[in-house]
Amino acid sequence: MKFFIINGSPRKDGNTAQLLEKSSEGIKSVCNDSEIESINLYDIPFNGCKSCFACKKINGRHYGKCVYNDDFKPILEKIVQSDGVILGSPVYFGDVSGVMRCFLERFIFPFFVYDEKMTSLAPKRMAIGCIYTMNLDEETARQLGYHELFDKNEMVLEKMFTKPIHLYSYDTYQFDYSKYKMELFTKEEKLKTRKTQFPIDLENAFKLGEKIAIEAEQHD
Ligand SMILES: Cc1cc2nc3c(=O)[nH]c(=O)nc-3n(C[C@H](O)[C@H](O)[C@H](O)COP(=O)(O)O)c2cc1C
């Protein structure tokens, strides 16, 4: 079985990367002969959908496929044939990062049919995991409506593929807070959450990986 772990953070050892790594271990614990490929979206020069609509052209050669011929195309072609995908993104201005949005446009739009049922042309109904990491605490994130945006992305993923399993990691630790101008946060408070909550988030990321692997096996 083949899985992709996709990091939408520029920080290769950051919160998102660490949670994704744990989720990968979770997959391995269930399917130890699985092939898991990790992708850092920031390493790939690519853009989002260019709105050419070749993927929607009646009787077109590229119907249901992304025609955009760039470095990302061969990678995308492999991802859409996989058994499971775990997406991880830091939250930037209340939504997933810019590169993750570009990814979602390219991943979803070719398969999206504009009909009453929102039919999907996806070749595989792979299992999908979504990991979000953010600086704010849960209460503030909910007050600001972050989850509504996450749910909107996930609703389309569900229509095209399967219902995503998600994990939210709040109040993340980014750097030594005493060294940056950020008076809303204190180093002590941030370190406290880092020590008490982040290990639980890592355990939950492992469990998410296990669930993705189990779901993928059931679809097989
Ligand atoms: C450009 C930018 C925008 C951000 N916007 C938000 C935001 O709107 N809400 C939030 O809670 N955190 C925000 N953050 C913080 C990150 O989402 C958070 O620290 C995340 O866990 C970083 O993940 P990483 O360690 O994997 O890079 C922002 C960070 C950056 C760099």
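The model described here is a predicted one. Leu-157 belongs to helix α5, which runs over residues 146-160. With a relative accessibility of 1%, Leu-157 is classed as buried because the cut-off for that class is under 20%. Cys-102 stands 55 residues from Leu-157 in sequence, and the two C-alpha atoms are 14 Å apart in space.

## Helix α5

Helix α5 is made of 15 residues. From the first C-alpha to the last, α5 reaches 22 Å, close to the 21 Å expected at 1.5 Å a residue. The buried residues of α5 are Tyr-146, His-147, Phe-150, Asn-153, Glu-154, Val-156, Leu-157 and Met-160. An α-helix has 3.6 residues a turn, so residues three or four places apart point the same way.

Several elements take part in covering the buried residues of α5. The helices among them include α3 (98-108) and α4 (138-143). The strands among them include β3, β4 (95-96), β5 (127-133) and β6 (165-169).

Together with Tyr-42 and Phe-93, Tyr-92 makes a nonpolar surface patch of about 400 Å².

Gly-26 is a residue of helix α1, and α1 covers residues 15-30. The relative accessibility of Gly-26 is 0%, so Gly-26 counts as buried. Apart from neighbours within four places in sequence, the residues in contact with Gly-26 are Phe-206, Gly-209 and Glu-210. Ile-58 is 32 residues from Gly-26 along the chain, and 42 Å separates their C-alpha atoms.

Ser-34 is located in the loop between α1 and β2, the latter being residues 35-40. Ser-34 has a relative accessible area of 5% and is therefore buried. A polar atom of the Ser-34 side chain lies 2.7 Å from the backbone oxygen of Cys-31. When residues up to four places away in sequence are not counted, Ser-34 touches Met-1, Phe-3, Ile-27 and Lys-28.

## Salt bridges around Glu-37

The structure contains 15 salt bridges. One of them is formed by the side chains of Lys-2 and Glu-37, with an N to O distance of 2.7 Å. This pair links distant parts of the chain, since Lys-2 is in strand β1 (residues 2-7) and Glu-37 is in strand β2, 35 residues apart.

Lys-78 counts as partly exposed at 41% relative accessibility.

In another salt bridge, Glu-138 pairs with Arg-142, and their closest N and O atoms are 2.8 Å apart. Why are these two residues separated by about one helical turn? Glu-138 and Arg-142 are about one turn apart because they are four residues apart in helix α4. Glu-138 counts as partly exposed at 37% relative accessibility. Arg-142 is likewise partly exposed, with a relative accessible area of 43%. Elsewhere, salt bridges with shared partners join Lys-2, Glu-35, Glu-37 and Lys-78 into one network.

Terms used: Residues are numbered from 1 along each chain as its sequence is written. This is a predicted model: local features need pLDDT of at least 70, side-chain atom pairs count only at pLDDT 80 or more; totals for chains, interfaces and linings use all residues. Side-chain values use heavy atoms; hydrogens and water are left out. Patches are made of residues with over 30% relative accessible area and no salt bridge: like charges are joined within 9 Å, nonpolar side chains (Val, Leu, Ile, Met, Phe, Trp, Tyr) within 5 Å. Accessible areas come from the Shrake-Rupley method with a 1.4 Å probe; for residues, only the protein chains shown count as cover. A salt bridge is a side-chain nitrogen of Lys or Arg within 4 Å of a carboxyl oxygen of Asp or Glu. Buried means under 20% relative accessible area, exposed over 50%, partly exposed in between (1.4 Å probe, protein chains only). The expected span of a helix is 1.5 Å times one less than its number of residues. Contact means heavy atoms within 4.5 Å. A polar contact is a pair of N or O atoms within 3.5 Å; within protein, one must be able to donate a hydrogen and the other to accept it, and residues adjacent in sequence count only if both atoms are side-chain atoms.
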